[in-house]
Each structure stands twice: as structure tokens, then as C-alpha cells.
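User: I would like to go through this model piece by piece. Please keep the answers brisk.

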Amino acid sequence: MKEFGRKYGDYFLYVGFLLIKLYLFSIATTTYFSFYMLIVSLGSAFLLSFWILSIAPKKRRWMLVGFSVLISFLIVSNGWYYRYFTDLLSVSLLIQLPQMDAVGGGMQDIIQWYDFLFFLDALIILIFLIINRKKTVPSYSKKSRITAPLAALAAGLVLFFTPLLLTRDGELIEPNPISNLKNYYQTGMIGYHAVDIVNEVDEAWFEDTELSANEKEEIRSFQQEKQQSQQAEEVDERPNIIVVQLESFQSSVIGQEIDGQEVTPYLNEFKEESIYFSNFYHQTHEGRTSDAEFIINTSFYPLKSGSVYTRYPDHSFGSLPEELSNEGYETAAFHAFRPNFWNRDQMYENFGFDEFYSIDDFPDKREIGLTLNDKDFFLTGVEKMAGMEEPFYSFMVALTSHTPYSFPDDMKTLDFGLFDEEILRNYYHNVHYVDSAFGAMKEKLIEEDLWDRSMIVVYGDHDSALFKEDREMAQYENAESAVDYFELGRKVPLFIKPPSSEEGRIVEKSGGQIDVAPTILSLAGIQPDFMMGTSLLSEEKGVTAFRDGSFVYDGYYYESNLWNESGNGTCYSLETEQKVETDRCAAMVEEAEKQLKLSDLIIKKNGLKQME
């Protein structure tokens, strides 16, 4: 045994440290780690590194240090990504890496000092090797170089596949899960990344992109069902449509006062003349801002990995600008950054926009954060709208309040000193400034005689990522229950002002970004061809699904449980914020998953094109 330990102790020490790190990852990310995951993780650790046992101990030990560092990088990178997106890294995200240069500053806020403890094992092994570098190592026969790795390989195969065979009915890995985390909980982190690589290769080179007869029938059936429920309102004249996407705007800032200071006075005033949707949720995922744009303009769900903007920019979506163009609208997109950022130049053209105004089309004025300040962006945008042929559709993507929320000191007009977190103070300064920019835009639209003749739609694209349990925002908002945190992170504002509206109202019906395009078309008197969402002004109750299978429906919030069988999540009453019987949510579990998978099918296989 002593001789065995001298020969292979370094390897088993490496494997032991790896399992500890995977367990600590689950603690750091509050993900589930069961005995089942321990076994498959041990198996995958052997499968990943069994070959290294064929190398003599003296060289192998140094290689194990390098291996340990690489695995630690993978674990830490997944941890950082999870904190921001509640998901794991994937191969498809490599496509998006060139787009990260302009937004990387926001990632600094999710790095914690204890993350670097994941590299401690490599340091311990390295110190041990340096101290013992002159000691003799045991002999390593040719036979051992064959039997040892084969034994580790066999152990890896048994430990990895046996749990899968015992818990799966007919298939080792669930095909096409609604979330990456489903595969993670089935195969552990190392297994998840292996499955992800295989899936990407299969999709790129071997997957059949033609819709089957059953898939076509599923799409056709869903389309007919939606068309029966969609009703276009009668209008005397088609209105101009101006849609404004506000960056990182949460519902919590609307009507909020901090130390007696009104954070969004102009939007609060706008609420009094608009239809305000008090239970409206963002449905973005890894694409964040680009996901919001995509959902709003297509009424499809975001992908479980990556962004449609970078993965499928040439597919057909039956978009909102396309529908409006068919009805005689002139359409334009406004985004004051470089045109190729997140493939917007290609995507906007594919959506059917007649014009795309990027940073090259705006004046060279003061920048805040990523690019031109929102006030000059809005005012210049209105000037361009004034020259468009009516009716028109203008889609504006604001950017001032983008992460990392830096804001110039000389432009701060309110005192948020009660917060210790500088990033939170700056977030509120950004929000207050963007609110004033919207106020200036309203005055400009009135001046150009466009305000009363236009439908104005304003919404938040996604949360601020500052609402976590240990953050000051959550404490200030008195977030305590699971429902509190869900609503703080998922609720975003949605205002719709019909033309010549003088008095607003509040709609309490729940809905999501996927419902905005059908709502706009309904108010404009247009029957959509294919939309997955439902008009927020219809009597029909729709499920508001999120990428992990969670959803809101009829006063209940269902929190999915991805480490268990479908339907075993937790159901909450939104009114009482208490857990209720799962039966209250059970009816919509299958429907939410069905819609997510149908959306994926249409996007990936260019389904609408094949249905023409």
C-alpha cells in the first residue's frame, strides 16, 4: 500500500482536490450537489485524466499541477458566468467573445476574493513538489504504464455511466433540454462540457436541419391556435409606433423615492397617461440586451446558449418590422454604437428595417458609459423620425445605463449617499439621467407634432444584476421571500401610450416581453401571421415562461427544479408569497416547456422559412 501511495498518491490527490473544488463550486453558486453528482463527477475526473497515469511520476506530477490550474480556470470562469447569467459557459458563447470587449467592465462586480482559493490546491502541490524535488521516485514498469491508466479508464466508465443508466429511461442524456443546467445536474461539470462540445459538433455537422412532418404539424397547430386567439382592434388610422428600450431598467425604480428624491419623475408622469403593466417580466437569458431586442421584435424566446443575434442572424422570424412594412410602415432602428456590435447591422437588415442609424449617424457629443449619452441620442433620433414617411415604426435602444454603470461626477444631481456600494449609487444616477433624457425626448416629440399621433412604447430590457441577496438593493427593497427576489430581478416596466391618450390605467395581467409585439400589432389594428406571445390586452391568460422552465401564470410563480424530473419544482402564490401545492402550477409546466422547445426548433431549423 505504501508503494502504491508513492506511485499514484499524487494522482489521487489531484482527483480528490478536483472533487472538493466541484463541491465548493456548488456552494459558491448555490447550485445543487447530490451524491449522484459526486459519483458522476468522480467518473468524469477519471475519464478526463486516466491517460496521464501512463507517464512516469516525476513528469506526471508537474503535469498534474498544470491540469489543476486549467480545471480551476474552468470552474472559476463558470462561477463568474453563473453569478451574472445563472447558467454555465458553453461552446456557443465562444462566438460572442469578440462582442464582450465593450461590456467587460461590468464583470468586475461579480468577482469575489474567495474565487482564487480554487487555485490553492495547485499551489499546495507545487510547493510539495519543490520541497521534494530531489527525492527519488519509485520505479514505474512498462506494465504499470498500461494497467494503471486502463484501470482508471474502467473505473471512470463505470462510475460515470452507471448512475446515468440507473436514472434514465432509454436515453443516457436528456435530448434537447430546456436549459444547460439540466445537463449539468445529470453529468456534473466536466460531463456537461463534454456533452456541450459533442452537441455543438453534432448540430454544426450532422444534425438534420429539415423539419419533419410531425414538426411541421406541431408548428402549424400552434400557429392556428394563436391566430384564433389574436384579435386586432379597429382603428381609424394607423398610428406611428415608437418603441424605446431602456437599458437595465427594473420596475423597482418606477415611482421610487430615495431620501425623498424622486428617481424617475418623468416616467412617473408618463405613467399617468399610459397603459402601465404592473406585472410585466423580462425573459432574457445569455444575450441580455440583444435577447430583449430579439424577443420584442419577433415574439420568440431566447436561446438556452448564446444569442440569436450571433448564432442565427440569417434565419427568418416573421418580425414586427416585417409585419409593419407589409402594412405600409417605414421602419428604422436606432442604436448609438458601432453597427456590427452583436451583429446588429446584419440582424436589423434581416428583421426588415428600412434604415439602421448607428453611432456614425449621431453627433459627436458627450459620452456616458459605452457611448453617446441618451439625451442626445433621443433628441437626434426624433429629428430623424420627423423626416420619416408616416406611419412609421422606430425602434430605439438606449445605452447610457449599461453596465458597469459609471457616471460622471459633474452630472450627478441627486444624493444617494445612504448606499455604501458605489456601483449601486451610480446605477441610480444613471437611471435618473435616462429618465430626464426621456423627458427631453417627450418635449421634442411634442415640438415635432409626433407625440399625440404616435403609440409610444417604453420598456426595460432586463434587470441591473445588483439585486442579489447580499446586496444593498435587496436590503433597501426589503426583499425576503423567494417571490421578492424573483420579482425584484424579473419585473421590468412596460408603458404603452396610445395616440392622443390623456388618462392612463394600470393592467395587472401578467405577461412578458414575448407578448409585446402581438400587443403593438393588436393596438395598430393588425392581425399577426405568427407570434408566440399573446396580446397583453386580450382576455386570454398566457403563460410567461423563462428559459429555465420557470414561469408565471394566473397569480402563481413556478420555480423549476432542474436537478429533478420535470414538474417537481416549487409553486408560490404571488399574492401571499408562500409556497402552495404544486398542483396549482402543474397544468402549465408542460405548456411552458413545449413553448420553449418549439421556439428553439423554429429558430435553429429556420422553421418559418420552411413553412412558407
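User: Is strand β1 enclosed or open to the outside, and how many of its residues are buried?

Analyst: This is a predicted model, in which local features need pLDDT of at least 70, side-chain atom pairs count only at pLDDT 80 or more, and totals for chains, interfaces and linings use all residues. Residues are numbered from 1 along each chain as its sequence is written, and side-chain values use heavy atoms, with hydrogens and water left out. Strands are DSSP runs of E with at least two residues, helices are runs of H or I with at least four, and both are numbered from the N terminus. Buried means under 20% relative accessible area, exposed over 50% and partly exposed in between, with a 1.4 Å probe and protein chains only. Strand β1 covers residues 240–246 and is largely enclosed by the rest of the structure, because the buried count is 7 of 7.

User: Which residues of β1 are buried on each side?

Analyst: In a regular strand the side chains alternate between the two faces of the sheet. Both faces of β1 are covered. One side has N240, I242, V244 and L246, and the other has I241, V243 and Q245.

User: Which strands pair with β1, and over how many bridges?

Analyst: Two strands pair if DSSP finds at least two bridges between them. Strand β10 (residues 392–397) runs parallel to β1, with 5 bridges. Strand β11 (residues 454–460) is also parallel to β1, with 7 bridges.

User: What stands opposite I241 in β10 and in β11?

Analyst: I241 faces a residue in each of these strands. In β10 the residue is Y393. In β11 it is M455.

User: What is the strand order of the open sheet, and which strands stand at its edges?

Analyst: The open sheet has 8 strands with mixed pairing, in the order β7-β6-β10-β1-β11-β12-β4-β13. One side of each edge strand is left without a neighbour in the sheet, because each has a single partner strand. The twist averages 15 degrees from one strand to the next. The edge strands are β7 (355–357) and β13 (505–507).

User: Which helix packs on the sheet touching β1, β10 and β11, and what angle does it make with β1?

Analyst: Contact means heavy atoms within 4.5 Å. Axes are lines fitted to C-alpha atoms, for helices over the stretch in contact, and angles run from 0 to 180 degrees between N-to-C directions. The helix is α14 (residues 422–447), and its direction makes with that of β1 an angle of about 165 degrees.

User: How is β10 covered, and what is the bridge partner of H335 there?

Analyst: β10 is mostly covered, with 6 of its 6 residues buried. F392, S394 and M396 point one way, while Y393, F395 and V397 point the other way. β10 pairs with β6 in the parallel sense over 6 bridges. The partner of H335 in β10 is V397.

User: Where does A232 lie, and which residues does it touch?

Analyst: A232 sits in the loop between α7 (213–229) and β1. A232 counts as partly exposed, at 32% relative accessibility. Leaving out residues up to four places away in sequence, A232 touches S522, G525, I526 and Q527.

User: What is the volume of the largest cavity, and which helix gives the most to its lining?

Analyst: On a 1 Å grid over the protein atoms alone, a cavity is a set of points where a 1.4 Å probe fits but cannot get out, and lining residues have an atom within 4 Å of a point. Grid points are joined across faces, edges and corners, and a volume is the space filled by probe spheres set on the points. The largest cavity has a volume of about 50 Å³. The helix giving the most to its lining, with 5 residues, is α3.

Terms used. 1 Å grid on protein atoms, 1.4 Å probe; cavity = no way out; pocket = protein on both sides within 12 Å on 5 of 7 lines; lining within 4 Å.
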